[in-house]
Amino acid sequence: MSVLTSPRGKTEVVHCRRTELQDIYCIKNLTRKFTQKLFGRLNIIYLLEKANLAITLCNDKEEIMAQATFVDYPNWNIARQDNWVSVFRELDSEIPCTPLNTLFMHLFVAVDEYSVGCCKEIIRTVFKAVPDLHFIFLIVPSYMSLGSTLITVFNQLGSVPCLTFDEDFAVHICHRHSHYPQLHVREARVEDHDHLMPIFMRYDTVLKETYGEYFLAELVEAQDKENHAVVCEVEGVAVGFMSVCSKVNMQLLHECFDLGPFHGLCHPHPDDVLQPPREPSVHGGKDAELRSSSQGSQKTTEEHLKSLSPDGVESIQGKLAEEAVTEELLSTSQSNYGSDMEDIEKLSRISVDEEVDYEVNSKSSASVLLQEEICNFRPTYRGASAAFCIQLFCIDEKHEARSLDFMNFVFSLFPDKDFCIISLPHLTPEFVLIQNFVRVVPFNNCTLEQDLYVFHRAGLLKSINIRLATVLDTPGVENLVSTLMLNKNILDDLNQYNTAHRDTDGTPMQAFVAEVAEQIVGIAVVRNEMDIEYIRSHYNIEDFIYFSHHQREEHGHLNHFALNPIFRHYTRFFLKEILRLGFKSCLYYPVYPHCRSGKLQSPYAHSLTSALHYLVPVRPRRQIVYPLEKLGINAPSKEVSKDLLNYSLNHTNRKLMLEPKITVNAKIVVVGASNVGISFLETLVFCPHLKFNNLTLISTHGLPGKKLLATEQRRFLASDHCFNDKDYALMSLCSWVNVVVGRMTGIDRAAKHVVMSQGEIVLYDHLILCTGQQYQVPCPSGADISQHLTNREVPRSGQQRYNDIVPCNHFTLNDEEDCCKALAWIKNNSITVEGNVIVYGNTIDTYTTVETLLNLGVRGCCIHFVHPPPTSTITCINNYSVESAVADALIAAGVTIYRDALLARWNDGQYPDPIRCASFTTPTKPFRLQCSMFFSFCEKNVDYETFKAFNDACLVYDGRLVIDTNFHTNDVAIRAAGSLTKFSNRYYSNEWTHSNFNSKEIGFQLAAAMLSLFDPTLEPVTEPPADLDRLIPMYKGAKIQGGILPGSYHYLHIAKPAIPTPLEVQMAKPDFGLEIVTGNAKNGNYFRIHINKYKMVETITCLSKETFPASNYVRLFGQHEQVLNNLCARYEDELITDLYSYFMEPWCMALFHDRFIDLRKELRQILTSKEEEDLPSIEQIAHQIEDEEINTREKPQKYLQRVFQETIYKALVEKSILDYLHYNHYHLPMYAWPGII
């Protein structure tokens, strides 16, 4: 916040922020004729799309006072954007401007009265936001004066000619030192104490309370060769302090952190042991395998880093070049740090017993099958320490952006040290200084509650130069990428660029190198993005760009990116230069999913990019399932509808280059890869302005989506349509989330860690429990059927836990891994040829499993479908028509059905493994069945080990884990969600649990509740009123279940969240609404829609012999029947005979579009807003009719229709709809609009 004073004495409190698109109207209003003469006639939207930095100045009423736009190349076409440096060097050789330290002002507008103050405030903000910036240039026609505002900050430098027409332009310059200068750093003196103590006390009082009031003076006086204290000062006043020490506990660091890429922070020594033995021992079990990796590296890619001895790599040779900033004096140095490329943080350890082909995209690269053995080898370093540490650091908030100014001076104090390190509690918010450091990945067993950051001496170099590669760069690039598994692919692409500047298929390509002190320290390969129409239609890139303002050739595809970690803080600069030199505005980087093909070569392989965290993940778009044959020539183009291999997309553009992310180092541990847990992680990962460094998932089988089964084999379990394999591929959570494969067996709330089954521990700051409920092994009642007992005579054992050995041919299917094991058993034991299969349970999964067994070839006469006594009057399908059709199909297939049967014994009470027979009791007489395979789908419950972990941790458990409305358990650091939980009894809503709601929505709401802890851009959460605090939240997302039922019926049921009630009871209610049914369940063309009393679609049930677009039908839920082309009226007029055909007609494609919900919101906003001064809104008129303030002879509906037709609202609604169709024409070409016919 700053205060501006006008010449007339008026004051305004102002603040700066990034320019947003809604500012454009105000910017245009502030534009004067003089502005156009200075900067030219500009398209504001286009300028903001291509700008690197745009700053808006607002007052405390959020009124726009001024705006300025900055780009990394000059305007008025006085030089090419890729070659302007030489022009300005010729203009004045004493001003060492470079792409790193220079920006150009392309626009400035301001409120006239405050224009001078606004200009100075914006310039100061820009220098503060971009620490490496030293010069801002302004180019205007030479015949123009700058006016009274800009002349206060810019000085004329000279003039240059224009490239396109015969006219000279004046060049003006603004220097950093005039607005936000570098800080002078010197050794601390005792006299600085009084200036520094208020700064310390502003942040922390612990040091004063611990060491006394004069601890700072004592620290300054205690300086020696190993300990130094330095300050930065402004006008003789100390504004910052740093204490450094050369004593570092190297042993502790080597035990806790992977320092291999930094050669252990030690000088090289002949006795260093850097390589593991030739026959490494394998450690770690299947049950709890910790796959730890850092967030700076991409965990789904194919490259593993190798720690190199600096003896075998090039050092940065010679003295450092003269630095490009006159105010900045850098010490010369040599570095023994090698070109160990990529993100220094290690990639995921891959399980010994898994063969996973990690694939990433490139046209000419190869993916390498990784089978990395987990070994506990750690290098041994004998050399002397090459690091010193920062013990204490503090700086005034006003000067925080210049924190890095300390580093030149402190490195000069330790000429024999190459590394500066600092350790911080991991919950410390990231401040400016450590944004230039590299965070080191800890080892799996590290229990330190500190994060370690490293900065190398050479990172101070400002002479980094990005340029197009040449043939002469090949040896340097070879040395740079020699440790990468895909180095051959990078070199092949470099050679291809140097040979033809095009790929083998003719795609234009470019290769860029980063150079420091005449050594190659970075390489990037970019191709033109040829599938941009596909990307636009399948990913929400329009969340980040205005697509129409970017030419096709401005979209680039990032294939390779490698940068020495010494210079990692220049990653954004490297990307920015790629865009400038390559005449690009956007870059895209795809990450392809795992596959188990075992291929050593693949056409979809990228080299790993250490720049992943500098890109933003792009949300995929939900696609319409088109009836292509019915649409014919009106179908979308092949560029939109083609079926490519799914991938997750990462993106950056010119606007994002100078926009830092907010780093969150809090350790967020999610237990359970349920739909709730996956939805929670997805929501966090796709926050574009947040970078979560410590997301961890603990799961028995790791992340889902491994495609273990073929499509026809994936019918064992019903689906809730939250996520499928395509969704997992489009998310690529493994790029951002550490995965711990294993089972949680304990929670230590005091120490804040989770205990795994093998004894490992996983630390957390926030623990998220989403384990859900699983099918459990049933506990036989033990009844002896030879005594002819009935169910009434047998004690119920439903609540008892089975403690005996689990038979090898007993299967409880909870996920795809379990289904894969069952399928393997079927194939390996000839179940399809001989042997009885018992399916025990009455859930929908029992029906889908029976259908899968029939589909696999198991004879119907060998399948015994045993229903235990029902625990509710509501069946799992809750629709008599569907149930009777399925029952007839089971009988036709020869499946034997038993009802109300309780499991009595396995193997007549003998040793149960394997199960050879099973006996059951019924309400009448018991029976005994031979058994080769037993599937159990009894009621789901919380796994016993999970329950024991909760119970031992003293978490309140009452049948389920108890939570409040904000997902909190009785521990504020532990949240829980999903079917695992129930609401506290104080809400008096025991019938409502998370099981009643959509799991994906629950996960999203859980993430939304937590984001307020990490995202400063969100409004503070207000506590609800006392009376509302007792109400449970009601979520609106549809509850969905579907699958393939016996008879090869494709089944789908979509309903609103509700307490389960028999369908007959629902239909008997007076306010039930209308039921629309076409077809017949037994004929396999059954389609039922329930329209509630408000004319909204509340329930959809489909049963069909043919496949149908389930994802389309999900979009019908919650729509008004009139939106569905007056569905009720058409049905009553007998115009609809088949709903399947009805919803394949071209008119309804817009309803299935992912942006239709946005159109609805926009139309509602039109009708609720007052568009004319003398006319109330349609909503206000409706309220007036309801309150009888308007007396009309017409029916209210007809009156509203007439008002709508006669006023501006009709035209506005039509325009909005036509704009929607026009903007999304690539998805909706079947619609016509004015002008195309």
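# Briefing: salt bridges, cysteines, backbone and surface patches

Arg17, Asp23 and Glu62 are linked in a network of salt bridges, a salt bridge being a side-chain nitrogen of Lys or Arg within 4 Å of a carboxyl oxygen of Asp or Glu. The model is predicted, so local features need pLDDT of at least 70 and side-chain atom pairs count only at pLDDT 80 or more, while totals for chains, interfaces and linings use all residues. Residues are numbered from 1 along each chain as its sequence is written, and side-chain values use heavy atoms, with hydrogens and water left out.

Helices (H or I, at least four residues) and strands (E, at least two) are DSSP runs, numbered from the N terminus. Burial is given in three classes: buried is under 20% relative accessible area, exposed is over 50%, and partly exposed is in between (1.4 Å probe, protein chains only).

**Salt bridges**

- By the rule above, the count comes to 47 salt bridges.
- One of them joins the side chains of Asp72 and Arg654, at 2.4 Å from N to O. Asp72 lies in the loop between β4 (64-71) and α4 (85-91) and Arg654 in the loop between β25 (648-653) and β26 (662-664), so this pair ties together parts that are 582 residues apart in sequence. Both Asp72 and Arg654 are buried.
- Asp451 and Arg439 also meet through their side chains in a salt bridge, with an N to O distance of 3.8 Å. This pair links distant parts of the chain, 12 residues apart: Asp451 is in strand β17 (residues 450-456) and Arg439 in strand β16 (residues 438-439). Asp451 is buried, with a relative accessible area of 5%, and Arg439 is buried, with 7%.
- Lys488 forms a salt bridge with Asp492, and their closest N and O atoms are 3.0 Å apart. Because Lys488 and Asp492 are four residues apart in helix α13 (residues 487-500), about one helical turn separates them. Lys488 counts as exposed at 55% relative accessibility, and Asp492 counts as partly exposed at 37%.

**Cysteines**

- A disulfide is a pair of cysteine sulfur atoms within 2.5 Å, and by this rule the count comes to zero disulfides.
- For Cys861, the closest cysteine sulfur is in Cys862, and the distance of 4.1 Å is too far for a bond. Cys861 counts as partly exposed, at 49% relative accessibility.
- For Cys917, the closest cysteine sulfur belongs to Cys931, at 8.4 Å, which is again too far for a bond. Cys917 counts as buried, at 4% relative accessibility.

**Backbone**

- Most residues other than glycine have a negative phi, and most peptide bonds are trans.
- The peptide bond that joins Asp913 and Pro914 is cis, with omega about -5 degrees. Pro914 is placed in the loop between β40 (902-906) and β41 (917-921).
- Asp908 is also in the loop between β40 and β41. Although Asp908 is not a glycine, its phi is positive, about 55 degrees. At 34% relative accessibility, Asp908 is classed as partly exposed.
- His263, which is not a glycine, has a positive phi of about 50 degrees. The loop between α10 (250-256) and β12 (289-291) holds His263. At 4% relative accessibility, His263 is classed as buried.

**Surface patches**

- Patches are made of residues with over 30% relative accessible area and no salt bridge; like charges are joined within 9 Å, and nonpolar side chains (Val, Leu, Ile, Met, Phe, Trp, Tyr) within 5 Å. Accessible areas come from the Shrake-Rupley method with a 1.4 Å probe, and for residues only the protein chains shown count as cover.
- Met1, Val3 and Val13 make up a nonpolar surface patch, and together they have about 320 Å² of accessible area. Val3 belongs to strand β1 (residues 2-5) and is exposed, with a relative accessible area of 56%.
- A surface patch of negative charge gathers Glu1171, Glu1172, Glu1173 and Asp1174. Lys and Arg count as positive and Asp and Glu as negative, with His and the chain ends not counted. The place of a charge is taken as NZ of Lys, CZ of Arg, CG of Asp or CD of Glu.
- Asp1174 is found in the loop between α29 (1156-1168) and α30 (1178-1186). Asp1174 counts as exposed, at 80% relative accessibility.
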